[in-house]
Amino acid sequence: MKRILLTAMAATLLFSCQSNKQPASSEVEISPVVVTDSMKSMYNHYAKWFADSEMKRFPEAWQLDHGKRLFFGYAQGVGCCAMLEMWKATGDTKYYDYVTEWADTIVFEDGNIHLYDMSTYNIDYINSGKVLFDVYKQTGNEKYRKAMDLLVKQMKQHPRTLEGGYWHKLRYPHQIWLDGLYMGSPFLAHYGAEFNQPEWIDEAVKQFTLCHKHTYDAKTGLYHHAWDESKSQRWANKETGHSPNFWGRSIGWWFMAMVDVLDYIPENHEGRSRIIGYIQGLADALPKYMDEDGLWYQVVDMHEREGNFPEASVTTQCMYAYAKAVNKGYIDEKYRAIAIKAFDGLKKTLLKELPDGTLSLTRCCQVGGLGGDPYRDGSFEYYIGEKIRDNDAKATGPFIMGLLELGK
């Protein structure tokens with residue numbers, strides 16, 4: 001292990017990236033990194049090491065994200081997607097079996113899903129549907145197709161803004177959240193591509209277009225966590241409807257969602273170049289807010305404000321999105337250096353080896369949202385006051401997937 005680390009350290013070239021002590025309009029010079037075979041081997045080694053650590057911590061997939069009961073949770077979906085990528089990368093069926101055992105337990109023969117309640121119109125439920133494509137393809141069991149159809153039925157009836165943007169949940173009326181784009185739209189585009197229903201690809205593109213329109217901030221190049229069409233929420237700006245801050249993980253969800261959805265949008269689709277443009281803009285903006293160690297903060301643009309802290313999920317999510325976007329050709333090769341620096345920062349600061357030989361990812365935000373009871377007002381104080389914990393699947397899943405992308 002020491003020899004692998006030393007080889008990688010020797011092979012990694014430094015690049016110049018100003019911290020966000022500079023104003024957002026400052027230019028960030030990024031020097032390309034030469035990636036060697038030994039570096040790729042190291043990233044793949046870490047992916048396997050961390051995935052195996054997660055399986056040791058959480059022997060059954062429903063336990064991912066510190067789950068207390070069998071549940072079709074979006075965070076379990078993120079973790080299981082990472083395990084399926086491990087299976088594809090390594091050929092080791094233990095990762096596939098880990099996911100399939102969960103899916104088989106939670107999806108009934110008639111396609112209904114344990115504890116799923118369509119009447120809540122909660123877009124978070126849709127995310128775990130991403131796992132079912134591979135399971136259905138491998139098993140041929142029609143219950144998984146029926147479950148996917150059930151999720152699509154929800155989205156046919158899901159409440160919308162006047163322009164057609166999906167509400168985040170029924171209990172959060174008139175609101176588009178960045179989180180929701182990750183939860184719903186890549187699944188819908190995948191469903192459309194897989195089952196020859198291109199209207200769902202069009203729907204996914206529409207959702208990204210509307211979300212960008214209402215959450216993008218041209219001054220910073222970042223995205224507000226949410227937008228309230230009614231402008232009635234206490235957190236909403238009375239002129240714009242924006243939430244007041246740039247929460248790290250919400251931007252990470254958005255970045256990953258855009259990169260992932262392009263897997264299912266045809267080259268000749270009119271919306272494809274638009275989404276690539278959004279990716280390129282965000283890829284250009286985010287390095288301005290990265291700290292010297294290669295980490296992004298809980299509130300992205302307030303790095304120096306007292307109480308703010310480097311946070312694992314935004315860093316792993318952006319690491320993944322940068323690495324995959326480079327591999328797919330959506331952004332310039334030079335941006336691989338940003339993903340590498342994020343990994344180096346995580347390894348230096350937030351990644352710990354425990355006495356039992358497992359790896360642990362620390363300082364993950366447990367949850368973040370707006371509204372509700374008790375009321376979450378989207379203030380700086382709210383975000384920095386949320387609980388943090390180790391090995392939250394919203395961070396660990398993207399970490400594994402990001403390492404696999406770096407290892408390609």
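Ala204, Phe208, Cys211 and His212 in helix H8 meet Trp254, Ala257, Met258 and Val261 in helix H9; contact means heavy atoms within 4.5 Å. Helices are DSSP runs (H or I, at least four residues), numbered from the N terminus. The model is predicted: local features need pLDDT of at least 70, side-chain atom pairs count only at pLDDT 80 or more, and totals for chains, interfaces and linings use all residues. Residues are numbered from 1 along each chain as its sequence is written, and side-chain values use heavy atoms, with hydrogens and water left out.

By class, the contact of H8 with H9 has 7 nonpolar, 1 polar and no charged residues. Ala, Val, Leu, Ile, Met, Phe, Trp, Tyr, Cys and Pro count as nonpolar, Asp, Glu, Lys and Arg as charged, and the others, Gly among them, as polar. The axes of H8 and H9 (residues 248–261) come within 12 Å and cross at roughly 150°. H8 is therefore roughly antiparallel to H9 (angles over 145 degrees). Axes are lines fitted to C-alpha atoms, for helices over the stretch in contact, and angles run from 0 to 180 degrees between N-to-C directions.

H8 (residues 199–215) also has a crossing with H10 (residues 272–285), at roughly 40° and with axes within 10 Å. Val205, Phe208, Thr209 and His212 of H8 make this contact with Arg274, Ile275 and Tyr278 of H10. By class, the residues are 4 nonpolar, 2 polar and 1 charged.

Threonine 215 lies in H8. Threonine 215 is buried, at 0% relative accessibility (buried means under 20% relative accessible area, with a 1.4 Å probe and protein chains only). Not counting residues up to four places away in sequence, threonine 215 touches Leu178, Leu222, Tyr223, His224, Ala226, Trp227 and His242.

Note on methods. Helix = DSSP H or I, 4+ residues; strand = E, 2+ residues; numbered from the N terminus. Buried < 20%, exposed > 50% of the residue type's maximum accessible area, 1.4 Å probe, protein only. Parallel < 35°, antiparallel > 145°, perpendicular 65-115°, else oblique.
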